[in-house]
Amino acid sequence: MENENKKRLAVLVGCNYPNTRNELHGCINDVVAMRGTLVNRFGFDPGNIQLLTDAAAAGSSSSVMPTGANIKKALGAMVDQAKPGDVLYFHYSGHGTRIPSLTPGNPFRLDEAIVPCDFNLITDVDFRQLVNRLPKGASFTILSDSCHSGGLIDSEKEQIGPSHVTEISSTTPSVSSKPKAIPFESILHHLASLTGINTSDIATHLLELFAADASLKFCLPPLELLNMFESSNPDEGILLSGCQANETSADMINPVMTRGKACGAFSNAVQMVLKEHEADLSNRQVVMLARQVLREQGFEQHPCLYCNDENADATFLCESHIISSL
């Protein structure tokens with residue numbers, strides 16, 4: 001039986017980092033386009049879609065800057081109001097990075113993070129905590145069009161990823177593009193210039209600048225972090241990443257396929273897939289078809305899917321299988 005009161009909620013974040021050395025061009029366009037798709041195809045109420053962008057753009061009336069604190073506040077509020085049967089969606093287009101892991105016993109591991117406009121990193125641990133807070137029967141789909149985005153929900157099961165057999169593109173992109181990545185060393189240098197502290201420990205800088213608004217990865221003791229991942233039960237987190245954890249995602253500056261309108265390669269591929277297929281698509285199909293689009297365009301980035309087994313073949317942005325099977 002369908003829950004007539006179920007909600008469809010979304011937070012859309014586009015970071016172009018205007019007038020900086022890290023400037024991108026298509027990220028705000030990506031989330032403005034996705035807002036239209038959510039309303040027109042998936043039945044989202046425009047009033048239930050929050051848009052955060054760091055610059056004005058056609059179709060964007062965002063007045064909330066996408067700082068780390070503001071993004072986490074918006075996501076937390078969305079998760080906190082969720083009920084069984086609700087569909088939650090987060091679309092991020094912007095820079096990503098990899099940082100040294102703080103997990104005991106993994107000194108050489110790198111963890112994934114997104115880079116808000118104020119460099120207050122949001123890490124894989126933060127997304128894991130949000131997914132853990134979901135009520136049973138609500139689903140939370142994250143689409144991250146950023147570099148190193150594979151594995152952005154810590155400990156989520158890989159369905160399509162680095163171990164997935166794929167063809168390597170034999171062509172080069174026909175459009176001008178820029179990777180959506182800021183190297184860890186550049187982030188560290190920027191933060192150190194703000195704190196004036198001479199240390200390579202990124203946690204020190206982030207805690208000095210953002211205190212309790214910094215990522216849980218830097219705020220919580222190691223044992224509490226480990227406890228966050230103890231449950232082995234399948235959860236309702238679904239991650240569609242623009243690339244593998246060791247890859248970059250492209251920002252297309254003047255693409256012919258969008259009449260010169262800048263956009264993220266992965267976000268645009270998803271839009272193309274949805275426009276070409278009017279019937280429902282599973283999460284797995286969306287990712288595999290987006291891989292095909294990117295391969296045909298000459299991009300060597302491989303979108304990934306992380307979720308439980310049932311959600312891999314569940315309909316993209318559909319109610320949870322737990323509710324729909326009742």
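Which residue forms a salt bridge with K157, and how far apart are the closest N and O atoms? K157 pairs with D309, and 2.8 Å separates those closest atoms. The legends below start from that pair.

This is a predicted model, where local features need pLDDT of at least 70, side-chain atom pairs count only at pLDDT 80 or more, and totals for chains, interfaces and linings use all residues. Residues are numbered from 1 along each chain as its sequence is written, and side-chain values use heavy atoms, with hydrogens and water left out.

**View A. The K157 and D309 salt bridge.** A salt bridge here is a side-chain nitrogen of Lys or Arg within 4 Å of a carboxyl oxygen of Asp or Glu. K157 sits in the loop between β7 and β8 (158-160), and D309 is in helix α10 (residues 309-312), so the contact ties together parts that are 152 residues apart in sequence. Helices (H or I, at least four residues) and strands (E, at least two) are DSSP runs, numbered from the N terminus. K157 is partly exposed at 43% relative accessibility, and D309 is partly exposed too, at 45%. For these labels, buried means under 20% relative accessible area, exposed means over 50%, and partly exposed is in between (1.4 Å probe, protein chains only).

**View B. R128 meets D235.** Their side chains form a salt bridge at 3.0 Å, N to O. R128 belongs to helix α3 (residues 124-132) while D235 is in the loop between α7 (222-227) and β10 (237-241), so parts 107 residues apart in sequence get tied together. R128 counts as buried, with 4% relative accessibility; D235 also counts as buried, at 16%.

**View C. D145 with K180.** Here the closest N and O atoms of the salt bridge are 3.3 Å apart. D145 is in strand β7 (residues 139-145) and K180 in the loop between β9 (177-179) and α4 (184-195), which links distant parts of the chain, 35 residues apart. Both D145 and K180 are buried.

**View D. A salt-bridge network.** By the rule used here, the count comes to 12 salt bridges.

**View E. An open sheet of three strands.** The strand order is β4-β5-β6, with antiparallel pairing. At the edges are β4 (96-100) and β6 (122-123), each pairing on one side only. Two strands pair if DSSP finds at least two bridges between them, and β5 (residues 110-114) has two bridges with β6. Look for I114 opposite I122 in β6.
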